Amino acid sequence: MLKKLRRRFTSLLMLIIGTLLVVFYLVVVGLLMITLTVNVRSSLHDFASEEYVSFLPDISADTEYDSTQVFPIYSEGVCVVSVNSDGSYVKLNIGQARMKSEVLTDAVKGAVATDFTFGLLPDQMLFFYKNTTLNGTRIAFANASQYASYLWRLLVRGAVLCVLAIILIYIMSRFLARTFIKPVEKAWAQQQNFIADASHELKTPLTVILANTNILQEHKADTVEEQYKWIESTQVEATHMKELVDKMLILAKSDNMKVNNMFSDVDMSELATRLCLQFEPIAFENGVVLNTDIDDGIKVHGDQTSLNQIMHILIDNSVKYAGTSGEIYFSLKKKPNGCCLSTRNPGVVIPEEDIPHLFERFYRSDKAHTAGKGYGLGLAICKNLAEIHDADITVESNEEKGTVFTVTFNDGKKHRKG
């Protein structure tokens, strides 16, 4: 699918830029032809006009000509004749082109026969310009082969440049396609992994529930009390499934959540104090002491529910992975440009190679030791909610400090310190 998308992107980009390039090339060629034709007409007009004759120099091929003209017509390439009313003509000495008499005669007849003042005689490959004077008609001829050769060279060079440009555009399109598709590829891979991991997490409880129901169906005559352990097992697995689905919904909502006008100034100090009080009995049951260090008057501009969720996930993880007879620490401190909250637990050190993946969905470090403690969605939710508030979340784990999660809120349009 992604390869097809990359090909479509490249093809579309090539089509758009290629079309613009061809249109530009055709416009330039058209303007060039018009300019050349106008220049030839202007030059022949000068040769055929009586009033300009005395001002026309005898120009040879090695003589400098007016450089402002795109396609100069030299006198050596022009033949001028004066046509009488009876159709006879006299070749004038204004132009220096040498033409066979039969060719010149056919050219004069063709020019006289047409109603146009300026044009091209295709059989003789001659441009002509007619001018009616007091003494008859004066016609100036110029060899069109030189014009065609000049134009052909320009067309060939332009076509070569277009081909080279299209090749360059193709290479750039391939590069841009790969660059622009990378985020899509990453999102696609994450989605596939998310589906695979979610399916794996749901498979176990569903298998247990189906097995329990089969057992219950096989013992229809037994009382509820006799089959209570299977019913209880089913309820436990159903509760696990509900927790997983709830977290997946929270994660989906955090993906689609945008900063909006619903944000308000949240008293983080009060929110953190209240949450820590709720976790004290849970920590006590796990044989863990919860120590807190919370500054007063800290406010963050954001969504209260989301901010509460961030702290809840971090404290909950600290309690789960602190081990027994340990102490965990929660702090919320003022900073010059905002505030910083952190949790620290003395549990098993997270391997360094696992740290970059901790915020990935369904990722759990050392799954053998963390089995049954979660689904690997909490930190992914935490990171999403932190990013919505333009907060930075980091983790550090070593033997000396234990595992420390830090969330830094920066003062600004979205976050303010009280």
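Predicted model: local features only at pLDDT ≥ 70, side-chain atom pairs only at ≥ 80, totals over all residues.
Local features were taken at pLDDT of at least 70 and side-chain atom pairs at pLDDT 80 or more, whereas totals for chains, interfaces and linings use all residues. Residues are numbered from 1 along each chain as its sequence is written, and side-chain values use heavy atoms, with hydrogens and water left out.

Helices (DSSP H or I runs of at least four residues) and strands (E runs of at least two) are numbered from the N terminus. Strand β1 spans residues 78-83, and six of its six residues are buried, so the strand is largely enclosed by the rest of the structure. Here buried denotes under 20% relative accessible area, exposed over 50%, and partly exposed the range in between, with a 1.4 Å probe and protein chains only. The burial extends to both faces of β1, with Val78, Val80 and Ser82 on one side and Cys79, Val81 and Val83 on the other.

Two strands were taken as paired if DSSP finds at least two bridges between them. β1 runs antiparallel to β5 (residues 136-143), to which it is joined by six bridges; within this pairing, Val80 lies opposite Ala140. β1 also pairs with β2 (residues 89-91), in the antiparallel sense and over three bridges, and Val81 has Lys91 of β2 as its bridge partner. A hairpin is formed by β1 and β2, with five residues between them. In its turn, Gly87 has a positive phi of about 95°.

Helix α9 (residues 378-388) is mostly covered, as nine of its eleven residues are buried. The buried residues include Gly378, Leu379, Ala380, Ile381 and Cys382. Asp390, which follows α9, has a positive phi near 55°. Ala322 and Gly287 are separated by 35 residues in sequence, and their C-alpha atoms are 9.3 Å apart.

Six salt bridges were found in the whole structure, a salt bridge being a side-chain nitrogen of Lys or Arg within 4 Å of a carboxyl oxygen of Asp or Glu. One of them joins Arg274 to Glu270, with an N to O distance of 3.5 Å. Because these two residues are four apart in helix α6 (residues 268-285), about one helical turn separates them. An α-helix has 3.6 residues a turn, so residues three or four places apart point the same way. Both partners are partly exposed, Arg274 at 36% relative accessibility and Glu270 at 48%.

Lys333 forms a salt bridge with Asp293 (3.3 Å, N to O). This pair links distant parts of the chain, 40 residues apart, with Lys333 in strand β9 and Asp293 in strand β7 (residues 288-294). Lys333 is partly exposed at 26% relative accessible area, as is Asp293 at 39%. A salt bridge also connects Lys333 with Asp295 (3.0 Å, N to O). Asp295 lies in the loop between β7 and β8 (299-302), 38 residues from Lys333. Through shared partners, Asp293, Asp295 and Lys333 belong to one salt-bridge network.

Lys3, Lys4, Arg7 and Arg8 form a positive surface patch. Patch residues have over 30% relative accessible area and no salt bridge, with like charges joined within 9 Å and nonpolar side chains (Val, Leu, Ile, Met, Phe, Trp, Tyr) within 5 Å. Arg8 is placed in helix α1 (residues 2-48) and is exposed, at 59% relative accessibility.

Notes: Areas by Shrake-Rupley, 256 points an atom, 1.4 Å probe, with all protein chains shown as cover. Lys, Arg positive; Asp, Glu negative; His and termini not counted. Charge placed at Lys NZ, Arg CZ, Asp CG, Glu CD.
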